[in-house]
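Reader: I'd like to learn how to read helix packing from a model. Could you walk me through one?

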Amino acid sequence: MGISLSVLIHFGLAIVIFLGGKTYSSKIFATLTFFAGLWVLWRGIFHSLPQGNEVWVTLANDLSFSTGVIIASLWAYFCFVFPEEKKPAKWITISIILANIILIPVYFYKDLFLGPVVRIGGIGGCK
C-alpha cells in the first residue's frame, strides 16, 4: 500500500511540476521525478512478487537499476541546467549520453554486475 501511494505521489508531482513549471530546469526536474516514481514502482514489484517468479523478479531488478542510471544522469544534467536556466554546453550532454552508452554492457552481460535473482530460503519469510 505504501509503495503504491509513493508511486502515485511521484507521478502526480511530476505532472504538476511539468505542467506548472515554466522553466527548462522545472521540466528536467519533473522528468527526474517521473523516473524516481518508476524506480519506486520497479522496487515495489521486485519486493512483492512471490516465490516462483524469479524471471519477473530479475526483470524488475534490471529495470530498477536501469532506471537508477537514468535518474543519476538526469540529476547530473539538472545540476548543469539549474543555475543558469539554459541548456548546458553540448559536450556536457554528449558526455552524459556517452557514459550511459558505456554502461550498456553491464546490463546485457549478467555476470558483470547484476546476476539472476536467486531465492535464499528463510530470509524475510514467515515461519
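This is a predicted model: local features need pLDDT of at least 70, side-chain atom pairs count only at pLDDT 80 or more; totals for chains, interfaces and linings use all residues.

Reader: At what angle do helix 1 and helix 2 pack?

Author: First the ground rules: helices (H or I, at least four residues) are DSSP runs, numbered from the N terminus. Axes are lines fitted to C-alpha atoms, for helices over the stretch in contact, and angles run from 0 to 180 degrees between N-to-C directions. Here helix 1 (residues 2–20) packs on helix 2 at about 165°, with the axes 8 Å apart. Angles under 35 degrees count as roughly parallel, over 145 as roughly antiparallel, 65 to 115 as roughly perpendicular and the rest as oblique. Helix 1 and helix 2 are therefore roughly antiparallel to each other.

Reader: Is the crossing of helix 1 and helix 2 left-handed or right-handed?

Author: A crossing is left-handed if the near helix is turned anticlockwise from the far one by less than a right angle, and right-handed if clockwise. Helix 1 passes helix 2 in a left-handed crossing. Contact means heavy atoms within 4.5 Å. On the helix 1 side, the residues making the contact include Ile-3, Phe-11 and Phe-18, and on the helix 2 side they include Phe-29, Phe-34 and Leu-41.

Reader: How do the residues of that contact of helix 1 with helix 2 divide?

Author: Ala, Val, Leu, Ile, Met, Phe, Trp, Tyr, Cys and Pro count as nonpolar, Asp, Glu, Lys and Arg as charged, and the others, Gly among them, as polar. By that scheme you get 14 nonpolar, six polar and one charged for helix 1 with helix 2.

Reader: And how do helix 2 and helix 3 cross?

Author: The axes of helix 2 (residues 24–48) and helix 3 come within 8 Å and cross at roughly 160°, so this pair is roughly antiparallel. Their crossing is left-handed. The contact of helix 2 with helix 3 divides into 22 nonpolar residues, six polar and one charged.

Reader: Where do the axes of helix 3 and helix 4 come to?

Author: Helix 3 (residues 54–81) and helix 4 (residues 90–108) have axes that come within 11 Å and cross at roughly 165°, so they too are roughly antiparallel to each other. Helix 3 passes helix 4 in a right-handed crossing. Among the contact residues are Phe-65, Val-69 and Tyr-77 of helix 3, and Ile-92, Ile-96 and Leu-103 of helix 4. The tally is nine nonpolar, four polar and no charged.

Reader: Which residues form the largest nonpolar core?

Author: A nonpolar core is a set of buried Ala, Val, Leu, Ile, Met, Phe, Trp, Tyr and Cys residues joined through side-chain atoms within 4.5 Å. Buried means under 20% relative accessible area, exposed over 50%, partly exposed in between (1.4 Å probe, protein chains only). The largest one has six residues: Ile-28, Tyr-77, Phe-78, Val-81, Ile-92 and Ile-96. Helix 3 gives the most to this core, with three residues. Beyond its neighbours within four places in sequence, Tyr-77 is in contact with Tyr-24, Ile-28, Lys-87, Pro-88, Thr-93 and Ile-96.

Reader: Is Asp-62 buried or exposed?

Author: Asp-62, found in helix 3, counts as buried because its relative accessibility is 16%. Asp-62 and Arg-43 are 19 residues apart in sequence, with C-alpha atoms 10.0 Å apart. Thr-58 also lies in helix 3, and at 13% relative accessibility Thr-58 counts as buried.

Reader: What phi does Glu-85 have?

Author: Most residues other than glycine have a negative phi. Glu-85 has a positive phi of about 55° although it is not a glycine. Glu-85 sits in the loop between helix 3 and helix 4 and, at 33% relative accessibility, counts as partly exposed. Pro-83 is found in the loop between helix 3 and helix 4 and counts as exposed, at 60% relative accessibility. Pro-83 and Ser-25 are 58 residues apart in sequence, yet 8.9 Å apart in space, C-alpha to C-alpha.

Technical notes: Residues are numbered from 1 along each chain as its sequence is written. Side-chain values use heavy atoms; hydrogens and water are left out. Helices (H or I, at least four residues) and strands (E, at least two) are DSSP runs, numbered from the N terminus.
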